[in-house]
Amino acid sequence: MRRLPVYFLIDVSESMAGDPIEQVQEGMAAIIRELRKDPYALETVWVSVVAFAGQAKTLATLQEIISFYPPRFPLGSGTSLSKGLGHLMYELRKNIVATTYDEKGDWKPIVFLFTDGVPTDNSSELRAAIAEWKRNWQRKVNLVAISFGDNTDSRLLGELTENVMLFKDTDSESYKAFFKWVTASIQTSSKAVDKNPEGIELAGADGETVSKIDLAKGDRQPPATDPFIVLLGKCQQTKQAYVIKYKKHVFEDASGDIGLDYRLVGAYKVDDTYFELADEQGSNLKISTNKLIGFPPCPCCGNPYGIAFDGSCGKIHCVGTEKMNTCPWCGNRAEYSAGGDGFDVNRAKG
Ligand SMILES: [Zn+2]
Ligand SMILES: [Zn+2]
């Protein structure tokens, strides 16, 4: 039986923290559940999942639907599209069976790329990865790039494929509709492989939740200010890391001027994969706490203050009501007093 390989290349940068990553997690499980009920898909479709943040990692190697168990999605720091693409190309080289004179190989693989932001890569590495994609894979693979929300660079995604879609990730219903659309696209493609071995049969996009981006217009630009700010903290009690996510908020102040601040979305525990998937350079971005609205408790131990700043190492940790505290990053012991004025804290790349 000829295989139809389907790859998911998924951005797990910290801006996906909270609801988006949980929705992706559920959505992948829903896709697999539905495909298992479909005789065409069950016979032909093989699935693999690659996650990328500052680094990339295979979460599930290419395998049949029947044995596929949806992986747990980690979070990582940064958005290195070059690392993601590079790792995808490595998986394709390793797994795809080419057609030869003697043997019919795999059907043309389908790749779904999900991303919610602008790459934080070094641009020459990104150019090199895109060039390699164009040279070796663009004609051999059907790539569908899906922008989660409108904070991506569609012109850049348009260099990889003509199938660039916008997904309006507004609520859990929209995620359900979106993953149904992905499932339907895989099903129609698996049914049509005999008649249409080169093409991909994307399901009809409703235009509401999923719509095709008109690349010819070419004027969609990512926003000038980041839609999310993410801080990294560590729990003083459990030593576990967590991220605190804020969303951009634009408002008109009392004097009619346009203001900008960041409102708390939530605080979420992360595991060691976060550091494994972080890029080498780290972040030197700063944000003043004056711009942040809402301070969460620690999501690991429940300490009332999730954002305390250690002046010795410049990192964030949680504090309770004790006077003396030990920084879980550097071991510095200090008396903590609630500062009245804002201070600059390091932020992750997103
Ligand atoms: Zn804590
Ligand atoms: Zn410290």
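Q: Which residue of β3 stands opposite phenylalanine 52?
A: Alanine 56 in β3 stands opposite phenylalanine 52. This is a predicted model, in which local features need pLDDT of at least 70 and side-chain atom pairs count only at pLDDT 80 or more, while totals for chains, interfaces and linings use all residues. Residues are numbered from 1 along each chain as its sequence is written, and chains are lettered from A and ligands numbered from 1 in the order in which they are written.

Q: What makes β2 and β3 a pair?
A: Two strands pair if DSSP finds at least two bridges between them; here six bridges join β2 to strand β3 (residues 56-64), and the two run antiparallel. A hairpin of three residues links β2 to β3. The strands themselves are DSSP runs (E, at least two residues), just as helices are (H or I, at least four), and both are numbered from the N terminus.

Q: How do you know that β1 pairs with β2, and in which sense do they run?
A: Eight bridges join strand β1 (residues 4-11) to β2, and they run parallel. One place to look is isoleucine 10, whose bridge partner in β2 is alanine 51.

Q: Why is strand β2 called mostly covered?
A: A residue is buried if 20 or more other C-beta atoms lie within 10 Å of its own, exposed if 12 or fewer, and partly exposed in between, with C-beta atoms placed from the backbone. For β2 (residues 45-52), eight of its eight residues are buried. In a regular strand the side chains alternate between the two faces of the sheet. Here Val45, Val47, Val49 and Ala51 point one way, Trp46, Ser48, Val50 and Phe52 point the other way, and all are buried.

Q: Why is lysine 239 called exposed?
A: Lysine 239 has 12 C-beta neighbours inside 10 Å, and therefore counts as exposed. Look for lysine 239 in the loop between β8 and β9 (241-252).

Q: What makes the phi of lysine 239 worth a look?
A: Most residues other than glycine have a negative phi. Lysine 239 has a positive value, near 65°. A glycine also has a positive phi: glycine 256, near 90°, in the β9-β10 hairpin with its five residues between the strands.

Q: How do you know that the span of helix α6 agrees with its number of residues?
A: The expected span of a helix is 1.5 Å times one less than its number of residues. Helix α6 (residues 172-192) has 21 residues and should span 30 Å; its end C-alpha atoms are 30 Å apart, so the two agree. Among the buried residues of α6 are Tyr175, Phe178, Phe179, Trp181 and Val182.

Q: What span does helix α3 reach, and what is expected?
A: The 15 residues of α3 (residues 81-95) reach 21 Å from first C-alpha to last, close to the expected 21 Å. Its buried residues include Leu81, Leu85, His87 and Leu88. Against what do they pack? The buried residues of α3 pack against β1, β2, β3, β4 (110-115) and α4 (123-137).

Q: Why is the protein called as compact as a globular protein of its length?
A: The protein has seven helices and 17 strands. Its radius of gyration is 22 Å, close to the 20 Å that the globule rule gives for 350 residues, so it is as compact as a globular protein of that length. The radius is taken over C-alpha atoms, and the rule is 2.2 Å times the number of residues to the power 0.38.

Q: How many residues of domain 1 and domain 2 are in contact?
A: Two residues are in contact if their C-beta atoms, placed from the backbone, lie within 7 Å. By that test, 15 residues of domain 1 are in contact with 15 of domain 2. The touching side of domain 1 has five nonpolar, eight polar and two charged residues, where Ala, Val, Leu, Ile, Met, Phe, Trp, Tyr, Cys and Pro count as nonpolar, Asp, Glu, Lys and Arg as charged, and the others, Gly among them, as polar. The bounds, 4-212 for domain 1 and 228-347 for domain 2, come from an automatic or database domain assignment.
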